[in-house]
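Subject: Structure for your review

Hello,

Here is the structure I said I would pass on. My notes on what was found in it follow below.

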Number of protein chains: 2
Amino acid sequence: MTTTTSDAGVARSAAGARYAAVDWGTSSFRIWLIGDTGEILSERRSAEGMTTAAQTGFSTVLEAHLDAMGADATLPVVICGMAGARQGWVEAGYLDTPAALSEIVRHAVAVPDAARDIRILPGLAQRDAAMPDVMRGEETQLLGSVGALSGTRLVCMPGTHSKWVRVADGKVERFSTFMSGELFDVVSRHSILSHAVADAQAFDGAHPAFVAAVAEAMAHPGMATNLLFTVRSGQLLHGHGATDAKTRLSGLMIGLEIAGATTLTDDAKAPISLVASGPLAGLYAQALAAAGLTSARIDADEAVRGGLAAAARALWPA
Amino acid sequence: MTTTTSDAGVARSAAGARYAAVDWGTSSFRIWLIGDTGEILSERRSAEGMTTAAQTGFSTVLEAHLDAMGADATLPVVICGMAGARQGWVEAGYLDTPAALSEIVRHAVAVPDAARDIRILPGLAQRDAAMPDVMRGEETQLLGSVGALSGTRLVCMPGTHSKWVRVADGKVERFSTFMSGELFDVVSRHSILSHAVADAQAFDGAHPAFVAAVAEAMAHPGMATNLLFTVRSGQLLHGHGATDAKTRLSGLMIGLEIAGATTLTDDAKAPISLVASGPLAGLYAQALAAAGLTSARIDADEAVRGGLAAAARALWPA
């Protein structure tokens, strides 16, 4: 478990902190102390996500980080993500689609019997019989991106479970989760393809094998589980290397996702808002370009802080 | 490891045996002693597939079974499957497509320095740059089915790695492997869906959730990784049980496979030859029916014995 201390660039005194903002995922924990003018005073990241915290205790994890950051005992905390799941800290339920992003904060749940004011934001649920879906955390990124999402937008939020969301005038109309990231991981580690991708080097979306794989999966989505096998057979018969194999596997998964997700919009050629950080941002931008689509990038880290800030302003007005 | 001894129904004397036939897969080993008129004298099955035998020693495994069956020290043995892979016993190479099934036996490889005559049949390779593919074992099932495959047929061979094969006049024109079975297993055990399918009961292809899932995946193959996620979200939001979840997961994987595989034929409505045994035979027959296709069943166990018998007749004419 990594408990990284404050990033040097943003480490300042906790004295002027107005609130703490927490993005608490399944396998990651991130906390920021935010000052009067919205500035980041301090930041910590660790692997104490919901899975770990459910063992250690959510309060224990949170208070240890706040203590290490020198936060005041009365500093309020706003949290999004899996801490609000049924198997999390306190269940924060779901706001049903269609859902106005501005409504999220009104459904925040207070952690009972806590020594400080701690609020957990709800997730979103799509209770469609045929296409049931849920999100926790991404709604807060969307809330923080709302200024960049005028009119009707298709928003792509890559990750372990990628979300594609139709947002119209600040309202989430519908969304779909794609397990691409988790499948990439599970197949890389536990299937026959694990031999093909072992010892792969880092790759990026400019790799020709990536671009070609995106195009193949988009052109033949029904062949998905066959195309996956060609990662192996291409190595057996054509001697493709491990990095090519892993790059191809990534491109196939993302191409398949784009093939499906772009059927969710009436205007398949409209620019897509890409809410992403880190290497996935580059991969998806390249994949969307390979698919003939334009995308406008919104930094996912900034988006979640923006959403937590909007919630904090509503919860604790100046 | 299970080392099942002879099935009671076929246990007879090994005295009249003419040859031993072995289907040696990645994780399974099956051997039959075959008599003068092609009758099964004795049968054994075990989990000593290639993976295990590569540790134990292929000769050790084979001779132990032959000994337990009372086989003569000079009884010849014909083998198909992964024993002929590079990581198997003796590499038996590949016959390239288009490949006449009758040619397979001419490419059999003799195990060198063995105390008895042991031949391993080759696999088939499709050295297409865009759609590389390989099979080992299925070619022998096809050889054994050739009498039932007049004209041009699309043959479905379900399994861990399902094969769909275009056979025309005894020749394999092309084929595609779909990882559906392995993905079903890997996703059931290692992904977030493992929670959804835990404690599932047995199911069959008549289950409404199976039929519905086949139809959904066929209609929206690009949504495959989203449809997989609905196995989880359907449980969260609609309270679907574990058996429904596992049934749905199976139907989605098979439906996706059929969506892709039926693009491999010019005549998508022609009857499909289904070479299968056990529960998969029923599941695929139901799935094909749900897809509006007719199928004619060929028993996979009989098919592989038929192919090994054809090879034995060519190798050791009376």
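In chain B, strand E2 pairs with strand E5 (residues 77-81) in the parallel sense, over 5 bridges. Within that pairing, B:Trp24 has B:Gly81 in E5(B) as its bridge partner. E2(B) is also joined to strand E3 (residues 29-35) of chain B, by 7 bridges, and these two strands run antiparallel. There, B:Tyr19 stands opposite B:Ile34 of E3(B). E2(B) covers residues 17-24 and is mostly covered, with 7 of its 8 residues buried.

Please keep in mind that this is a predicted model.

**Confidence**

The predictor gives an ipTM of 0.91 and a pTM of 0.92 for the complex. The average pLDDT of chain A is 93, and 96% of the residues score at least 70. Residues 1-11 of chain A are another matter: pLDDT stays under 50 there, and the model has 20 contacts beyond four places in sequence for this stretch.

**Core**

The largest nonpolar core has 212 residues, and A:Ala20 and B:Ala20 touch the most other members. Setting aside neighbours within four places in sequence, the contacts of A:Ala20 are A:Ile31, A:Trp32, A:Leu33, A:Leu66, A:Ala71, A:Leu75 and A:Val77.

**Contact between the chains**

Chain A and chain B each bring 39 residues to the contact. On the side of chain A that touches chain B, the elements giving two or more residues are strand E11 (133-135), strand E14 (171-178), helix H4 (180-190), helix H7 (224-238) and helix H8 (242-261) of chain A. H7(A) gives the most to that side, with 11 residues. Sorted by class, the side of chain A that touches chain B has 19 nonpolar, 16 polar and 4 charged residues.

How are the two copies related? The same surface serves both copies, since 100% of the contact residues of chain A recur in chain B.

**Backbone points to check**

Most residues other than glycine have a negative phi, and most peptide bonds are trans. The following depart from that pattern.

- The peptide bond that joins A:Thr97 and A:Pro98 is cis, with omega about -5 degrees. A:Pro98 is in the loop between strand E6 (94-96) and strand E7 (99-100) of chain A.
- The bond from B:Thr97 to B:Pro98 is cis, with omega near -5 degrees. B:Pro98 is in the loop between strand E6 (94-96) and strand E7 (99-100) of chain B.
- A:Asp113 is not a glycine but has a positive phi, near 60 degrees. A:Asp113 sits in the loop between strand E8 (109-110) and strand E9 (118-120) of chain A, and is exposed, with 6 other C-beta atoms within 10 Å.
- A:Asp169, also not a glycine, has a positive phi of about 50 degrees. The loop between strand E13 (162-168) and E14 of chain A holds A:Asp169, which is partly exposed, with 13 other C-beta atoms within 10 Å.

Regards

Terms used
Residues numbered from 1 in each chain as written. Chains lettered and ligands numbered in written order. Predicted model: local features only at pLDDT ≥ 70, side-chain atom pairs only at ≥ 80, totals over all residues. Contact = placed C-beta atoms within 7 Å. Helix = DSSP H or I, 4+ residues; strand = E, 2+ residues; numbered from the N terminus. Nonpolar A, V, L, I, M, F, W, Y, C, P; charged D, E, K, R; others polar. Buried ≥ 20, exposed ≤ 12 C-beta atoms within 10 Å, placed from the backbone. Pairing = 2+ DSSP bridges. Core = buried A, V, L, I, M, F, W, Y, C linked by C-beta atoms within 7 Å. pLDDT = per-residue confidence, 0-100.
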